Amino acid sequence: MSIAALDAAMAARLGLPAEASRDDFARARLARLAATLAAARTESPFYRARRDWPERPPESLADLARYPFTTPEDLVRADPPLAAVSGGAVERIVTLPTSGTTGA
């Protein structure tokens with residue numbers, strides 16, 4: 001697939017015209033990122049409980065520096081739960097050992 005074909009495919013996936021500019025792509029990616037962060041904040045008890053979560057959505061990628069890290073300890077503790085959907089909405093849980101982590 002050529003670069004132009006890939007650009008057209010990504011533009012279609014993002015709901016942009018085929019001749020979208022790099023700025024159009026950047027704005028669409030930032031809007032999707034902001035929507036994902038908003039959904040995490042709304043749907044996940046873990047992120048809803050975070051007191052250090054910024055009130056305003058990111059206006060640039062540089063704004064991501066305002067967001068707190070999720071640490072390995074947060075994931076192990078899992079209190080409150082991290083999941084953003086009910087258990088019934090989960091089709092399958094996959095847990096695999098990795099070479100990049102230690103512990104549970």
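## Helix H2

In helix H2 of this predicted model, the residues Phe25, Ala28, Leu30, Ala34, Leu37 and Ala40 are buried.

H2 has 22 residues, and at 1.5 Å a residue the helix should span 32 Å.

## Ser44, between two helices

Ser44 is found in the loop that separates helix H2 (residues 22-43) from helix H3 (residues 45-49). Is Ser44 buried or exposed? Its relative accessible area is 1%, and because buried means under 20%, Ser44 counts as buried.

The surroundings of Ser44 can be described residue by residue. When residues up to four places away in sequence are not counted, Ser44 touches Ala39, Pro81, Leu82, Ala83 and Ala84.

Pro54 has its place in the loop between H3 and helix H4, the latter covering residues 72-77. With a relative accessible area of 14%, Pro54 is buried.

Which residues are in contact with Pro54, once its neighbours within four places in sequence are left aside? They are Arg66, Tyr67 and Pro68. For Tyr67, the separation can be given in two ways: Pro54 and Tyr67 are 13 residues apart in sequence, and their C-alpha atoms are 6.5 Å apart in space.

## Salt bridges

Side chains of opposite charge can pair when their charged atoms come close. A search of the whole structure finds seven salt bridges. Four residues, Arg50, Asp52, Asp74 and Arg77, are linked in a network of such bridges.

In the salt bridge between Arg50 and Asp52, the closest N and O atoms are 3.0 Å apart; in the salt bridge between Arg50 and Asp74, the corresponding distance is 3.7 Å. Asp74 lies in helix H4 and Arg50 in the loop between H3 and H4, so this pair ties together parts that are 24 residues apart in sequence.

The accessibility of these residues may be considered next. Both Asp74 and Arg50 are buried, the relative accessible area of Arg50 being 13%. Asp52, by contrast, counts as partly exposed, at 41% relative accessibility.

Another salt bridge joins the side chains of Glu59 and Arg56, with an N to O distance of 3.6 Å. Glu59 counts as exposed, at 58% relative accessibility, because exposed means over 50%. Arg56 is partly exposed, with a relative accessible area of 47%.

Which residues make a nonpolar surface patch of about 280 Å²? The patch is made by Val85, Val90 and Ile93. Ile93 lies in the segment after H4, and at 70% relative accessibility Ile93 counts as exposed.

Key:
Residues are numbered from 1 along each chain as its sequence is written. This is a predicted model: local features need pLDDT of at least 70, side-chain atom pairs count only at pLDDT 80 or more; totals for chains, interfaces and linings use all residues. Side-chain values use heavy atoms; hydrogens and water are left out. Helices (H or I, at least four residues) and strands (E, at least two) are DSSP runs, numbered from the N terminus. Buried means under 20% relative accessible area, exposed over 50%, partly exposed in between (1.4 Å probe, protein chains only). Contact means heavy atoms within 4.5 Å. The expected span of a helix is 1.5 Å times one less than its number of residues. Patches are made of residues with over 30% relative accessible area and no salt bridge: like charges are joined within 9 Å, nonpolar side chains (Val, Leu, Ile, Met, Phe, Trp, Tyr) within 5 Å. Accessible areas come from the Shrake-Rupley method with a 1.4 Å probe; for residues, only the protein chains shown count as cover.
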